[in-house]
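The following exercises ask the reader to derive packing features from a set of coordinates. Each task is followed by a worked solution.

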Amino acid sequence: MNKKEPFLTGFSSFLFGSEKRTKQDVFRSKIDHLNTSNASNFSMLFESVLPSESLREIQNTKRMRIYDEQTTLWAWCSQILEGNASCYKAVSNVQVWREQLGLSAPSSQTKAFCDARNRLSLSFIKEANELVIKHLDTRVTSRDLWRGLELKAIDGSSMQLFDTPENQLIYPQPSEQKQGCGFPVVGVCGVVNLSHGGWETMATSALTRHDLSATYEVLEYFGERDLCLADRAYNSYE
């Protein structure tokens, strides 16, 4: 029962102290502060996880662009961390960032940023993810293991894609939908390390394939001291 009326009001609040804040609350307050700032603060917040020097080494951009892969990554992350913010908001974050550095700011038009986001190479995204996983691995302690084993969960899901002929050919829409009334859907088989909460890898397949077939593509992420947690026979919720 939740009672808001205070008891023992004669005692000093110093004796009780303040309510302990969870790590999620602390992180949320940081994000709220960053929402009023720019993309550079996101890179600073995660500098220990994704150092700018490491990102420069793995990016594939050869030409000097305003939207190189590193800038595009943080602008995209700002959209996600700000609750699915618009591309216009991401561009404004980059504008403020570059103005603070004394550099020329990009146009307020979103096309250049959207094109840069589409140009992000899969190799860059994968290597950035590996940097995140390596950082998380260093923080795993014996308390995070189950009887000395690292627990990894594996499961299937799906997501819609843009309705293009190429996507429809490789990842056709569900058969129960009328042609032209649905979107291509890709099946996803992901591995989450429950010792630190990081999403280590994923494999994709058409919905017509059983989830188990994609599992073989992610087995390389399991080692001797790993314990796999999965639904029995990848059955559905039904």
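A residue is buried under 20% relative accessible area, exposed over 50% and partly exposed in between (1.4 Å probe, protein chains only). The model is predicted: local features need pLDDT of at least 70, side-chain atom pairs count only at pLDDT 80 or more, and totals for chains, interfaces and linings use all residues. Residues are numbered from 1 along each chain as its sequence is written, and side-chain values use heavy atoms, with hydrogens and water left out.

**Exercise 1.** Classify the aromatic pair of Tyr67 and Phe113, and state whether its members are buried or exposed.

Rings of Phe, Tyr and Trp (its six-membered ring) pair if their centres lie within 6.5 Å; planes under 30 degrees apart count as stacked, over 60 as edge-to-face and the rest as tilted.

Step 1. For Tyr67 and Phe113, the values are 5.8 Å centre to centre and 50° between the planes, which makes the pair tilted.

Step 2. Tyr67 and Phe113 are both buried.

**Exercise 2.** Determine which residues of H8 are buried and what they pack against.

Step 1. Helices (H or I, at least four residues) and strands (E, at least two) are DSSP runs, numbered from the N terminus.

Step 2. Phe124, Ala128, Ile133 and Leu136 are the buried residues of H8.

Step 3. Their packing partners are helix H4 (52–58), helix H5 (69–81) and strand E3 (198–206).

Conventions. Contact = heavy atoms within 4.5 Å.
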